[in-house]
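Colleague: I would like to learn how to read a few features of a structure. Please take them one at a time.

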Amino acid sequence: MNSYSSSGAEVAVAKGHRGFGVINIVLRPKLTFLYNYILRLGFLDGREGFLLHFYHAIYVSWKYAKAWELGRDQKQ
């Protein structure tokens, strides 16, 4: 998950996405979890579905935290 989040962050920054901040790091993972687990019926998969979507939300948080850090480093 660490290497994938690093790669995802590098791709996001390379595409020119800007404005990564606390909202992306804190709020987006929660919304991603709710969307996948509730709206896309991930809860029907039981414990495995919960863990899958929980870990995916953590990945999203790491990706945006790393993208924010990369974007900050490029400005300096």
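**Reading exposure, helices and rings**

Modeller: Tyr 55 has a relative accessibility of 44%, so Tyr 55 counts as partly exposed. Buried means under 20% relative accessible area, exposed over 50%, and partly exposed in between, with a 1.4 Å probe and protein chains only. This is a predicted model, where local features need pLDDT of at least 70, side-chain atom pairs count only at pLDDT 80 or more, and totals for chains, interfaces and linings use all residues. Residues are numbered from 1 along each chain as its sequence is written, and side-chain values use heavy atoms, with hydrogens and water left out.

Colleague: How many aromatic pairs does a search of the whole structure find?

Modeller: Rings of Phe, Tyr and Trp (its six-membered ring) pair if their centres lie within 6.5 Å; planes under 30 degrees apart count as stacked, over 60 as edge-to-face and the rest as tilted. The search gives six such pairs. In one of them, the ring centres of Tyr 37 and Phe 50 are 5.8 Å apart and the planes are at 80°, so this pair is edge-to-face. The pair links distant parts of the chain, 13 residues apart, with Tyr 37 in helix H2 and Phe 50 in helix H3 (residues 46-75). Helices here are DSSP runs (H or I, at least four residues), numbered from the N terminus.

Colleague: Is Tyr 37 buried or exposed?

Modeller: Tyr 37 is buried, at a relative accessible area of 17%. Phe 50, at 35%, is partly exposed. For Phe 54 and Tyr 55, the ring centres are 5.9 Å apart and the planes at 55°, so that pair is tilted. Phe 54 is also partly exposed, with a relative accessible area of 37%. One aromatic cluster is formed by Phe 33, Tyr 37, Phe 43, Phe 50, Phe 54 and Tyr 55.

Colleague: What should the 13 residues of helix H1 span?

Modeller: The expected span of a helix is 1.5 Å times one less than its number of residues. For H1 (residues 2-14) that gives 18 Å, and the end C-alpha atoms are 18 Å apart, which agrees.

Colleague: Which residues of H1 are buried?

Modeller: Ser 5, Gly 8, Ala 9, Ala 12 and Val 13 are buried in H1. They cover an arc of only 130° around the axis (taken from the directions from the helix axis to the C-beta atoms), which puts them on the same side of H1. Tyr 4 and Ala 14, on the other side of H1, are exposed.

Definitions and conventions. Helix = DSSP H or I, 4+ residues; strand = E, 2+ residues; numbered from the N terminus.
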